[in-house]
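Please look at the sequence and the model together while reading this report. It begins with charged pairs and then moves to strands, a helix and the nonpolar cores.

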Amino acid sequence: MPEVNTDSLDEQQVQLLAEMCILIDENDKKIGADTKKNCHLNENIEKGLLHRAFSVFLFNTEDKLLLQQRSDAKITFPDCFTNTCCSHPLSTPLELEEGDAIGVRRAAQRRLKAELGIPMEQVTPEDICYLTRIHYKAKSDGIWGEHEIDYILFVQKDVTLSPDPNEIKSHCYVTQKELKQLLKKASRNEIKITPWFKLVAETFLFRWWDNLKNLNRFLDHKNIHRM
């Protein structure tokens, strides 16, 4: 694997690069594990390295979506607006468990606590609805990028927030109209949004958002949407 100097990067974020992500093939079958660092180097991504990830979309009981702006300390896509929480299940027994995506949903609960300070009892794995998966690839800069099969997870709960400033620069709840305005700003390069959030927002998001009380009709655990 290539050697990359991380001396200029945020110390807390560099420590997270040692976490072990789940390596998968293009059909989301587990084939091994590697560090978060190796999984996010463009040099490895260009050789086909692919890992499992998730994106949480959390709505309050007023049907508003919680967005976050990634901190400037983030190694990939700093300062970008994105959905509520985006991360990776780890190569640990609890998060490797695949039945009904329980491992991924446990990972989502863990990261909602780590990033947003949401108490784990407020969002349990049972509260999290696994909708479908997307497969995408995107460069953050010349060194770092993403290549993931991303589990799309929906939650509707009122929660307590205490964001970690090393992870999150700002956060807000938005209506559909407000998000559409934000997406227009991004199209004019007035703000930045993450590529996975852009893909979901331009395809499935608003249809799902219109049906928060009837998401079962949209469950698709068979297909992986190549985007």
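A salt bridge is a side-chain nitrogen of Lys or Arg within 4 Å of a carboxyl oxygen of Asp or Glu. By that criterion Asp28, Arg52, Glu98 and Arg133 are linked in a network of salt bridges, and the structure holds 17 salt bridges. This is a predicted model, in which local features need pLDDT of at least 70 and side-chain atom pairs count only at pLDDT 80 or more, while totals for chains, interfaces and linings use all residues. Residues are numbered from 1 along each chain as its sequence is written, and side-chain values use heavy atoms, with hydrogens and water left out.

**Charged pairs**

Side chains of opposite charge can pair when their charged atoms come close.

| Pair | N to O distance | Relative accessible area |
|---|---|---|
| lysine 74 and glutamate 167 | 2.7 Å | lysine 74: 10%; glutamate 167: 3% |
| aspartate 79 and lysine 169 | 2.7 Å | aspartate 79: 22%; lysine 169: 43% |
| glutamate 95 and arginine 110 | 2.7 Å | glutamate 95: 8%; arginine 110: 22% |

Helices (H or I, at least four residues) and strands (E, at least two) are DSSP runs, numbered from the N terminus. Lysine 74 forms a salt bridge with glutamate 167. This pair links distant parts of the chain, with lysine 74 in the loop between β4 (65-70) and β5 (81-82) and glutamate 167 in the loop between β8 and β9 (168-174), 93 residues apart. Lysine 74 is buried, and glutamate 167 counts as buried too.

The side chains of aspartate 79 and lysine 169 also meet in a salt bridge. Here again distant parts of the chain are linked, aspartate 79 lying in the loop between β4 and β5 and lysine 169 in strand β9, 90 residues apart. Aspartate 79 is partly exposed, as is lysine 169.

Glutamate 95 forms a salt bridge with arginine 110. Glutamate 95 lies in helix α4 (residues 93-96) and arginine 110 in helix α5 (residues 102-116), so the pair ties together parts that are 15 residues apart in sequence. Is glutamate 95 buried or exposed? Glutamate 95 counts as buried, whereas arginine 110 counts as partly exposed.

**Strand β8 and its partners**

Strand β8 (residues 145-156) is mostly covered, since 11 of its 12 residues are buried. Two strands pair if DSSP finds at least two bridges between them. Strand β3 (residues 51-59) runs parallel to β8 and is joined to it by 9 bridges, with glutamine 156 in β8 as the bridge partner of phenylalanine 59. Strand β7 (residues 129-139) runs antiparallel to β8, joined by 10 bridges, and alanine 138 stands opposite glutamate 146 in β8. A hairpin through 5 residues joins β7 to β8.

**Helix α5**

The expected span of a helix is 1.5 Å times one less than its number of residues. For the 15 residues of α5 this should give 21 Å, and its end C-alpha atoms are 21 Å apart, which agrees. Helix α5 is mostly covered, with 11 of its 15 residues buried, among them Val104, Ala107 and Leu112. What covers these buried residues, by contact (heavy atoms within 4.5 Å), includes β3, β4, β6 (85-87), α4, β8 and β9. Just after α5, glycine 117 takes a positive phi of about 70 degrees.

**Nonpolar cores**

A nonpolar core is a set of buried Ala, Val, Leu, Ile, Met, Phe, Trp, Tyr and Cys residues joined through side-chain atoms within 4.5 Å. The largest has 33 residues, and those with the most contacts inside it are Phe57, Leu65, Phe154, Leu179, Leu205, Trp208 and Trp209. Two or more residues come from each of β3, β4, β7, β8, α6 (176-187), α7 (195-203) and α8 (205-209), with β7 giving the most, 5 residues. Apart from this core lies another, of 20 residues, among them Val104, Ala107, Val123 and Val155. Leaving out residues up to four places away in sequence, phenylalanine 154 touches residues including Phe57, Phe59, Leu131, Leu205 and Trp208.

**Annotated span**

The UniProt record, an unreviewed entry, places the feature "domain: Nudix hydrolase" at residues 49-199; such annotations may be inferred rather than shown by experiment, and their positions are given in the numbering used here, with feature names shortened. The end C-alpha atoms of residues 49-199 lie 21 Å apart, and the span is 24% helix and 33% strand.

Notes:
Buried < 20%, exposed > 50% of the residue type's maximum accessible area, 1.4 Å probe, protein only.
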